[in-house]
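Have the sequence at hand as you read.

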Amino acid sequence: MPRPKVNGIVVDFHCHLLARRHAEAWFEAARHYGIDCFLSMTPLEEVVDLLRDFAGRIQFIAVPKFRDESPNWTEDWRRRIEAFYNLGSRIAKFHAAPQTMRFRGTRLDDPVYRPLIREVIDRKMAIMTHIGDPDLWYAGKYADSAKFGTREEHYRMWEGILNEYAGAPWIGAHMGGNPEDLHRLQGLLDRYPNLMLDCSATRWMVREISARRDAAREFFLRNQDRILFGTDQVSGDDRSFEFLASRFWAHRKLWETAYVGTTPIFDPDLPPDLQPMLRGLALPDEVLQKLYHDNAISFLAKIGMTFGRWG
């Protein structure tokens, strides 16, 4: 597939290359679709091997140990922030989706998180947050609001944190967790000039961006300096070139073209006979330049990150 019409590297700002053993298929698929460099949420234990073998192609977003249920999880998370920082990371991810907060028994505004957020800010790192989830999930598996809370509660929580740490560089993952409500997202961008959004999560973006194609295109044009390209691609032992390629293909079709049609990706949130159609935004070249490259490089420069000779 021809490379995107972009001067410089194409940066995937949100992905999960989980292990060194997955890297060959990952980078082969990425090369095929013209994606050069990655900000990955990789387990700390895998980072050094990837830095050694793919120097300049990958940088890391600090994450805690996955589903750590130990009583000392906050101290382990603090040590991991320090270790990621020492390996060049300048971004930390706080996952506050409804099911994560239910698992932890804490919200993002719980006092237990304050020393961790302060650790990140004192190191002049940026913060990425996952707030919210698809509307279909709120209507389904999160329908018990006594257990999971409501979307309105979750966004009041997030705005409270954004106000408390005003000015910190911030990324709202997955279009701020609410691509179904572009009005909400516009309000967030207008109120918080330090906030960027990433457009990661393939099935979710294909379904919801396509469903409001014209309004979404206008949103991207209006906020072209505030959106980062990301796929939310996740590697796995059972995820070969074909799986990875399908996600890269869907994103490029969605952002670059006027394609209207099916995708090779099954959406489990919808029944087989109601699978979504992909409706591409056909963003102008100057907007794609910012989405794929300029916004990422500018954001990273502000926090002292680079892809070296690749960047």
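**Around helix H5**

Just after H5, Lys124 takes up a positive phi of about 60°. This is a predicted model, where local features need pLDDT of at least 70, side-chain atom pairs count only at pLDDT 80 or more, and totals for chains, interfaces and linings use all residues. Residues are numbered from 1 along each chain as its sequence is written, and side-chain values use heavy atoms, with hydrogens and water left out.

Helices (H or I, at least four residues) and strands (E, at least two) are DSSP runs, numbered from the N terminus. H5 spans residues 114-122, and its buried residues (under 20% relative accessible area, 1.4 Å probe, protein chains only) are Leu116, Ile117, Glu119, Val120 and Ile121. Their cover includes helix H3 (73-86), strand S4 (91-96) and strand S5 (126-131).

Now on to H11. Eight of its ten residues are buried, so H11 is largely enclosed by the rest of the structure. Those buried residues are Thr202, Trp204, Met205, Val206, Arg207, Glu208, Ile209 and Ser210. They pack against helix H6 (135-139), helix H9 (173-176), H12, helix H13 (241-256) and strand S10 (278-279).

How do H11 and H12 meet? The axes of H11 (residues 202-211) and H12 (residues 213-222), lines fitted to C-alpha atoms over the stretch in contact, come within 5 Å and cross at roughly 100°. With angles running from 0 to 180 degrees between N-to-C directions, the two helices are therefore roughly perpendicular (65 to 115 degrees). Ile209, Ser210 and Ala211 of H11 make the contact (heavy atoms within 4.5 Å) with Arg213, Ala216 and Phe220 of H12.

Key
Parallel < 35°, antiparallel > 145°, perpendicular 65-115°, else oblique. Buried < 20%, exposed > 50% of the residue type's maximum accessible area, 1.4 Å probe, protein only.
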